[in-house]
Amino acid sequence: PYVLVQSLAYGVIVYAMIGFQWDVKKFCWYLYFMYFTLLYFTYYGMLAVGLTPSYNIASIVSSFFYGVWNLFSGFVISRPTMPVWWRWYSWVCPVSWTLYGLVASQFGDLTEPLQDSGVPIDAFLKSFFGFQHDFLGVVAVVTAGFAVLFAVAFGLSIKVLNFQRR
């Protein structure tokens, strides 16, 4: 119980520091996406250790994938502006789903115009990033699905693979 209260307090502090709107629904979406993001990163690290013969190789493999995930998340290059032949990887990148969920849940329903261009926020998110607030349920399921996928793959890897030498 203490860890849960401490985590919730930490979430409130971070939420306030980011400057998101104080809405219960949006705060719950934030907690949901952050929880499953931390969960799938943890399970991916465990999976990397389970698939490789040593933790040194696992750190190299996971560092490579963290960099690729960061590149294709849609933060550096948005999905609509990516070349068509790389856009598929954005759809299988877990971090892109987290970014989609966080941005769409917090800003996807806002209709007030941006100060510099006068374009409504939801229209800007749809045109520049391709994020739609109506797609939020699918994004939530996929984000949780990555955690389940990595957990199951980790379980199978430690059951099937054996790197001990005789």
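The charged end of Arg79 sits over the ring of Trp91, at 3.8 Å from the ring centre. By "over" I mean that NZ of Lys or CZ of Arg is within 6 Å of the ring centre and within 35 degrees of the ring normal. Before I go on: this is a predicted model, so local features need pLDDT of at least 70 and side-chain atom pairs count only at pLDDT 80 or more, while totals for chains, interfaces and linings use all residues. Residues are numbered from 1 along each chain as its sequence is written, and side-chain values use heavy atoms, with hydrogens and water left out.

Next, ring against ring. Rings of Phe, Tyr and Trp (its six-membered ring) pair if their centres lie within 6.5 Å; planes under 30 degrees apart are stacked, over 60 edge-to-face, and the rest tilted. That rule gives 31 aromatic pairs. Take Phe41 and Tyr66: the ring centres are 5.5 Å apart and the planes are at 50°, so this pair is tilted. Phe41 is in helix H2 (residues 24-51) and Tyr66 in helix H3 (residues 55-71), so the pair ties together parts 25 residues apart in sequence. Helices here are DSSP runs of H or I, at least four residues, numbered from the N terminus. Phe41 is partly exposed at a relative accessible area of 29%, and Tyr66 is partly exposed at 30%. For that scale, buried is under 20% relative accessible area, exposed is over 50%, and partly exposed is in between, with a 1.4 Å probe and protein chains only.

A second pair is Trp97 and Phe135, with centres 6.3 Å apart and planes at 35°, so it is tilted. Trp97 is buried, at 6% relative accessibility; Phe135 is partly exposed, at 28%.

Ring pairs also link a cluster whose members include Phe41, Tyr66, Phe146 and Phe150.

Phe146 and Phe150 are among the buried residues of H7, as are Leu136, Val139 and Phe154. What do the buried residues of H7 pack against? They pack against H2, H3, helix H4 (84-92) and H5, where contact means heavy atoms within 4.5 Å. On length, the expected span is 1.5 Å times one less than the number of residues. For the 25 residues of H7 that is 36 Å, and the end C-alpha atoms are 36 Å apart, which agrees.

Last, confidence. pLDDT is the predictor's confidence in each residue, from 0 to 100. The protein chain averages 89, and 98% of the residues score at least 70. Confidence is lowest in helix H1 (residues 2-18), with a mean of 75, and highest in H7, at 96.

Definitions and conventions: Helices (H or I, at least four residues) and strands (E, at least two) are DSSP runs, numbered from the N terminus.
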